[in-house]
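Morning, everyone. Today I'd like to talk about charged side chains and their partners. Please look at the screen.

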Amino acid sequence: MFFLEVEMMDERMRIGDLSERAGVTPRTVRYYESLRLLPPAEREGHGQHYYTEETLARLRKIDQLKQLGLSLEEIRDVIDLYFSDPSGVQPKQRVLAILRQHMVETEQKIGALEAFRADLQSHIRRFERWLEEREHL
């Protein structure tokens with residue numbers, strides 16, 4: 001039993017170790033905890049906080065999802081699925097739906113920008129013609 005307890009202690013880490021291994025700051029860890037992206041740290045003894053390997057895995061998954069363009073709010077909606085669905089199907093389906101929505105929004109923004117560019121080009125031509133007419137007077 002003592003061996004098992006020692007082994008479990010090795011799996012836990014303090015915030016500095018966790019943040020170093022995950023490539024984030026301790027402040028980021030605390031912020032993600034406040035947003036409930038991470039489970040609360042275990043407390044032991046003199047109020048020390050300890051984190052598990054699962055917390056490290058969650059931090060790495062959060063980073064991957066951020067790189068896909070998901071907001072922290074969107075990540076909060078899917079992160080638990082990655083740790084509760086061993087098949088991985090549900091989280092991937094949810095992320096795919098989010099990415100498709102991002103694509104729709106991007107296409108709309110592109111359309112709006114193209115219309116804005118056309119308006120700008122029209123205004124530029126109008127001003128250039130007006131100025132040319134004044135030069136010839």
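Start with Arg 12. At 18% relative accessibility, Arg 12 counts as buried. The cut-offs, with a 1.4 Å probe and protein chains only, are these: buried is under 20% relative accessible area, exposed is over 50%, and partly exposed is in between.

A word on the source. This is a predicted model, where local features need pLDDT of at least 70 and side-chain atom pairs count only at pLDDT 80 or more, while totals for chains, interfaces and linings use all residues. Residues are numbered from 1 along each chain as its sequence is written, and side-chain values use heavy atoms, leaving out hydrogens and water.

Which residue forms a salt bridge with Arg 12? Glu 42 does, with the closest N and O atoms 3.3 Å apart. A salt bridge here means a side-chain nitrogen of Lys or Arg within 4 Å of a carboxyl oxygen of Asp or Glu. By this rule there are five salt bridges. Now place the Glu 42 pair. Glu 42 sits in strand E1 (residues 42-44) and Arg 12 in the loop between helix H1 (2-11) and helix H2 (15-22), so the bridge ties together parts 30 residues apart in sequence. Helices (H or I, at least four residues) and strands (E, at least two) are DSSP runs, numbered from the N terminus. Glu 42 is partly exposed, at 37%.

Next pair. Glu 53 bridges to Arg 21, with the closest N and O atoms 3.0 Å apart. Glu 53 is in helix H4 (residues 53-67) and Arg 21 in helix H2, 32 residues apart. Glu 53 is partly exposed at 33%. Arg 21 is partly exposed too, with a value of 41%.

Now Asp 80. It forms a salt bridge with Arg 58, closest N and O atoms 2.7 Å apart. Asp 80 lies in helix H5 (residues 72-84) and Arg 58 in helix H4, so parts 22 residues apart in sequence are tied together. Arg 58 is buried, at 5%. Asp 80 is partly exposed, at 46%. Shared partners join Glu 54, Arg 58 and Asp 80 into one salt-bridge network.

Last one: Asp 85, in the loop between H5 and helix H6 (89-135). What does the side chain of Asp 85 reach? The backbone nitrogen of Gln 90, at 2.8 Å.

How values were computed: A polar contact is a pair of N or O atoms within 3.5 Å; within protein, one must be able to donate a hydrogen and the other to accept it, and residues adjacent in sequence count only if both atoms are side-chain atoms.
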